[in-house]
Amino acid sequence: MLFQYSLQQEVVRLIKIVEEDFSMEEVLLRLKTGEAGAIVSFLGVVKSLREGDIVNELIVEAYKEVAEEKLMEIRKEALKKFDIIDAVIIHRIGRLKPLENIVLVAVSSRTRKSAFEACSWIIDEVKAKAPIWKKEITPKGGRWVRGA
Amino acid sequence: MRIEVKYYAWLREEFGDKEFLEVENRATLKEVVEKLIEKHELLGSENFLISVNGKITGLDTVLKEGDVVSIFPPAGGG
């Protein structure tokens with residue numbers, strides 16, 4: 001029973017949808033284990049310019065319950081699909097300013113090839129499948145970012 | 001019976017955070033969706049995802065009093 005509880009806690013820590021910023025260093029440190037010879041990460045940040053318009057702010061909204069479940073599924077599938085040791089997915093929500101962190105995917109593996117492939121696959125899946133939406137606030141008004 | 005309908009992203013801006021809908025007892029999700037499309041034409045013009053009480057489910061799901069139906073756009077990508 002205790003073992004099951006610990007496992008559940010572990011998954012919750014590896015998948016997060018949060019308002020507060022995250023420390024990339026802490027995540028990378030967490031992935032440094034004896035067997036891991038490669039850690040690849042993707043960090044998504046708020047652009048200050050998009051399609052010729054200044055972006056003053058990015059509002060990130062999620063349907064949290066479903067999005068968290070989706071992130072857990074994506075992580076689980078990545079662990080099956082690729083020869084990797086572990087994966088972390090953290091997505092922020094709320095009102096973010098240019099240059100702030102939005103999303104972090106980090107993958108550890110024995111070799112770099114599988115870490116690169118898994119990291120790229122995970123972020124594509126997150127963008128395509130997790131119910132998380134972004135609205136850019138520009139001097140012309142607000143606009144939802146649609147499509148991958 | 002009464003169910004709650006929640007909207008997300010640009011749908012929330014169109015229809016508000018949530019609304020309550022009176023439907024027949026044991027109405028299916030399909031019947032509720034049809035009723036909502038009659039009320040809000042936009043819902044019939046694009047593909048949206050639907051969950052009941054936080055779980056994505058089929059249109060044949062039978063609803064009960066107080067269920068929360070969430071309607072939301074597919075992932076934003078970008």
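## Terms and their grounds

Student: Why is A:Glu51 called exposed?
Tutor: A:Glu51 has a relative accessibility of 63%, and exposed is the word for values over 50%, so A:Glu51 counts as exposed. Bear in mind that this is a predicted model, and that A:Glu51 lies in the loop between β3 (49-50) and β4 (53-54) of chain A.

Student: What makes the phi of A:Glu51 worth a remark?
Tutor: The phi of A:Glu51 is near 50°, a positive value in a residue other than glycine. In chain B, B:Arg26 likewise has a positive phi, of about 60°, although B:Arg26 is not a glycine. B:Arg26 lies in the loop between β2 and α2 (29-39) of chain B, and with a relative accessibility of 63% it counts as exposed.

Student: Why is A:Glu136 called buried?
Tutor: The relative accessible area of A:Glu136 is 4%, and buried means under 20%, so the word applies to A:Glu136. This residue has its place in strand β9 of chain A.

Student: How do you know that the side chains of A:Glu136 and A:Arg50 are in polar contact?
Tutor: The distance given for the contact between these two side chains is 3.2 Å, and the cut-off for a pair of N or O atoms is 3.5 Å, so the pair A:Glu136 and A:Arg50 qualifies. Leaving out residues up to four places away in sequence, A:Glu136 also touches others, including A:Val55, A:Leu58 and A:Arg143.

Student: What makes β5(A) a mostly covered strand?
Tutor: In strand β5 (residues 57-62) of chain A, six of the six residues are buried. Both faces are covered, with A:Glu57, A:Ile59 and A:Glu61 buried on one side and A:Leu58, A:Val60 and A:Ala62 buried on the other.

Student: How do you know that β5(A) pairs with β9(A) and with β7(A)?
Tutor: Two strands pair if there are at least two bridges between them. β5(A) is joined to strand β9 (residues 132-138) by six bridges, in the antiparallel sense, and to strand β7 (residues 94-96) by three bridges, also antiparallel, so each of these meets the condition. A:Leu58 stands opposite A:Glu136 in β9(A), while A:Ile59 stands opposite A:Arg95 in β7(A).

Student: Which residues have the most contacts inside the largest nonpolar core?
Tutor: That core has 31 residues, and those with the most contacts inside it are A:Ile89, A:Val107, A:Ile122 and A:Val126. Among the elements of chain A that give two or more residues to this core are β5, β6 (86-92) and α4 (112-129), and α4(A) gives the most, with seven residues. Apart from this core lies another, of 28 residues, among them A:Val66, B:Ala27, B:Phe48 and B:Phe72.

Student: Why is the pair B:Arg12 and A:Glu61 called a salt bridge?
Tutor: The closest N and O atoms of B:Arg12 and A:Glu61 are 2.3 Å apart, and the rule asks for a side-chain nitrogen of Lys or Arg within 4 Å of a carboxyl oxygen of Asp or Glu, so this pair meets the rule. Across the interface of chain B and chain A the rule finds three salt bridges. The largest share of the side of chain B that touches chain A, four residues, comes from α1(B).

Student: How many residues and how much area does the contact involve?
Tutor: The contact takes 18 residues from chain B and 19 residues from chain A. The two chains bury about 1600 Å² between them, 52% of it on carbon and sulfur atoms.

Student: What makes β2 and β4 of chain B edge strands?
Tutor: The order in the open sheet of five strands is β2-β1-β5-β3-β4 (chain B), with mixed pairing. β2 (18-22) and β4 of chain B each have a single partner strand, so one side of each is left without a neighbour in the sheet.

How values were computed
Residues are numbered from 1 along each chain as its sequence is written. Chains are lettered from A and ligands numbered from 1 in the order in which they are written. This is a predicted model: local features need pLDDT of at least 70, side-chain atom pairs count only at pLDDT 80 or more; totals for chains, interfaces and linings use all residues. Side-chain values use heavy atoms; hydrogens and water are left out. Buried means under 20% relative accessible area, exposed over 50%, partly exposed in between (1.4 Å probe, protein chains only). A nonpolar core is a set of buried Ala, Val, Leu, Ile, Met, Phe, Trp, Tyr and Cys residues joined through side-chain atoms within 4.5 Å. Contact means heavy atoms within 4.5 Å. Buried area is the accessible area (1.4 Å probe) that two parts lose on being put together, summed over both. A polar contact is a pair of N or O atoms within 3.5 Å; within protein, one must be able to donate a hydrogen and the other to accept it, and residues adjacent in sequence count only if both atoms are side-chain atoms.
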